[in-house]
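This report describes the cavities of a structure and the surroundings of its ligand. Please consult the sequence and the model shown here.

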Amino acid sequence: MKGSAMKKKRILSAGIILGTTALLLSACGNQQQNQENRLYIGVTYYNQSDTFLNEMLDSFKAQLEEMEVGGTVPAVTVRDAAGLQKTQNDQVKELIDAGCNVLCVNLVDRADPSDIIDLAREYDVPIIFFNREPVAEDLMQWDRLYYVGADAKQSGVMQGELAADEIWENEQIDRNKDGKIQYVVLEGEAGHQDSVIRTENSVNTLQQKGIALEKLSYEIANWNRAQAENRMEQMIGQYQTSIELVLANNDDMALGAIDAYEKLNYSETSRPVIFGIDGTDDGLKAIRDSKLTGTVYNDKEGQAEMMAKLAAALVSGEGMEDLPFENDRYLMVPYFKVTPQNIEELLGEENISPEANERG
Ligand code: GAL
Ligand code: CA
């Protein structure tokens with residue numbers, strides 16, 4: 001009896017402590033509240049309209065809630081830079097002033113991290129850059145700079161392999177029977193490591209697999225579904241049913257292409273096959289519903305996990321040696337193909353909200 005009453009009390013006080021930390025979760029916490037080894041993460045990302053990053057950061061927050069560093073749950077504050085590098089620089093200063101002891105930065109302009117690096121160095125706060133890769137020379141500016149991401153080339157090759165398999169299997173794709181596949185590309189932001197490299201490797205892989213290609217056109221749609229729909233409509237206007245294949249640098253743009261075909265009421269048989277990259281919630285659902293032909297999984301849970309583990313190691317001083325670094329400062333999480341074998345599992349995982357996870 002006594003034991004269980006005590007247990008109850010302990011649970012109750014644990015609840016109170018949890019309640020307090022939940023409050024702290026909304027801000028990095030001011031300096032006085034800082035405990036030596038508590039992890040206070042400040043995140044800033046280039047744009048809150050980005051689907052993949054929103055899903056990645058949801059996973060990051062959920063994983064942090066399950067962690068304990070320095071005896072408590074880590075605190076995290078997330079800021080949206082709304083596409084402006086200047087705004088992001090100010091946010092970094094604000095996060096440092098608020099007491100954050102690790103920064104996770106998804107650069108607006110991946111070629112322009114110097115101000116942020118200078119600030120972090122001045123206050124001795126390490127930075128984990130993620131998803132938008134700074135050039136190597138910038139990462140070498142200081143020894144407390146890291147990068148968590150994935151190898152763009154790998155995703156391009158995998159997209160090309162998926163498309164080649166589909167084309168070999170299904171003769172209907174070469175609709176005009178000229179022995180060539182007429183294709184268009186929807187590209188991400190100009191200058192982003194995942195745009196040019198994905199396109200190049202996807203196309204090269206198709207060619208290496210013996211598929212004759214004819215490029216009709218390409219458009220930049222900045223990872224964005226609405227922009228892609230618009231650009232795709234223009235391309236359809238120009239080429240009508242001649243487009244047999246759409247290679248999109250991410251799922252949101254592939255979904256935009258599908259939106260365009262739906263809007264223009266194209267029948268199933270006059271549509272091209274469409275490939276994306278990411279495996280976002282909506283991307284996976286479109287595959288399940290046979291609207292999107294294929295995609296490559298950009299492992300957001302894996303990237304979030306690496307970022308959480310690295311942040312914890314940087315503050316606690318423990319666990320650095322367990323992390324699979326490449327070139328000392330890079331943690332690269334492998335892509336994998338979404339297949340009929342793994343889609344159900346991926347969809348199942350996607351459907352579990354962080355709340356449901358907690359309750360379970
Ligand atoms: C890519 C991802 C895109 C977009 C972009 C933002 O890795 O595939 O969907 O999120 O990063 O930097
Ligand atoms: Ca053809």
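## Cavities

The structure holds two cavities of 30 Å³ or more. A cavity is a set of points, on a 1 Å grid over the protein atoms alone, where a 1.4 Å probe fits but cannot get out; grid points are joined across faces, edges and corners, and a volume is the space filled by probe spheres set on the points. The model is predicted: local features need pLDDT of at least 70 and side-chain atom pairs pLDDT 80 or more, while totals for chains, interfaces and linings use all residues. Residues are numbered from 1 along each chain as written, chains are lettered from A and ligands numbered from 1 in written order, and side-chain values use heavy atoms, without hydrogens and water.

The largest cavity has a volume of about 150 Å³. Its lining comprises 17 residues (an atom within 4 Å of a point), of which Asp50, Phe52, Trp223, Asn250 and Asp278 lie nearest the centre.

## Ligand shell

Ligand 1 takes the space of the largest cavity (more than half of its atoms lie within 2 Å of the grid points). Residues around ligand 1 (a heavy atom within 4 Å) include Tyr46, Arg132, Arg198 and Asn298.

## Polar contacts

Polar contacts are pairs of N or O atoms within 3.5 Å. An oxygen atom of ligand 1 lies 2.7 Å from a side-chain N or O atom of Asp194; the corresponding distance is 2.8 Å for His192 and 2.9 Å for Asn250.

Conventions. Polar contact = N/O pair within 3.5 Å; in protein donor to acceptor, adjacent residues only side chain to side chain. 1 Å grid on protein atoms, 1.4 Å probe; cavity = no way out; pocket = protein on both sides within 12 Å on 5 of 7 lines; lining within 4 Å.
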